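Subject: Structure for you to look at

Hello,

Here is the structure I promised to pass on. Please open it alongside this message.

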Amino acid sequence: MRVHAVALLVRGTRGDARRLAESLGCEFREIPIEPMVEAYLEALAPQFAGREPDLTEENLQARIRGTLLMALSNKFCWLLVATGNKSEMSVGYATLYGDMAGASRS
């Protein structure tokens with residue numbers, strides 16, 4: 001198998017990702033990240049006290065995903081393909097250490 005699909009789930013539909021991977025003949029893995037997101041938010045709660053949730057909390061999810069994908073890449077000698085694109089990166093939409101993790105086309 002040369003392509004591996006990984007769904008890193010907080011909530012939402014799992015069926016579409018699985019069906020797409022199956023139709024492409026890719027191995028498909030699911031890793032629920034909600035417990036990790038909750039653990040980060042709990043650890044940061046005293047520091048964030050009195051502040052409204054914002055992009056910071058959303059970026060935590062991207063960074064957790066990036067860390068897990070890099071761990072799989074390291075363990076199995078996979079090349080991680082970054083999900084951000086040049087347009088997103090040029091305007092600062094991509095998350096550093098999140099969806100910018102991995103190889104990108106220059």
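Below is what turned up, from the whole chain down to single residues.

Please note that this is a predicted model.

Overall layout. The chain has four helices and two strands. Their order along the sequence is β-α-β-α-α-α. Of the 106 residues, 25% are buried. The accessible surface is about 7,800 Å², and carbon and sulfur atoms account for 55% of that. Take the contacts between residues at least 6 apart in sequence: 51% of them join residues at least 24 apart.

The start of the chain. Arginine 2 sits in the segment before strand E1 (4-9). Arginine 2 counts as exposed because its relative accessible area is 83%, and the cut-off for exposed is over 50%. Its C-alpha atom is 9.8 Å from that of glycine 25, a residue 23 places away along the chain.

Helix H1. This helix covers residues 15-24 and is hardly covered itself: one of its 10 residues is buried.

Glutamate 57. This is the residue I would show you on screen. Glutamate 57 belongs to helix H3 (residues 55-76). It is buried, yet it has no salt bridge. Which side chain of opposite charge is nearest? That is arginine 51, 9.0 Å away; a salt bridge needs the charged atoms within 4 Å. What the side chain of glutamate 57 does have is a polar atom 2.7 Å from the backbone nitrogen of aspartate 54. Beyond its neighbours within four places in sequence, glutamate 57 is in contact with Leu41 and Phe48.

Best wishes

Methods:
Residues numbered from 1 in each chain as written. Predicted model: local features only at pLDDT ≥ 70, side-chain atom pairs only at ≥ 80, totals over all residues. Heavy atoms only, no water. Buried < 20%, exposed > 50% of the residue type's maximum accessible area, 1.4 Å probe, protein only. Lys, Arg positive; Asp, Glu negative; His and termini not counted. Polar contact = N/O pair within 3.5 Å; in protein donor to acceptor, adjacent residues only side chain to side chain. Contact = heavy atoms within 4.5 Å. Areas by Shrake-Rupley, 256 points an atom, 1.4 Å probe, with all protein chains shown as cover.
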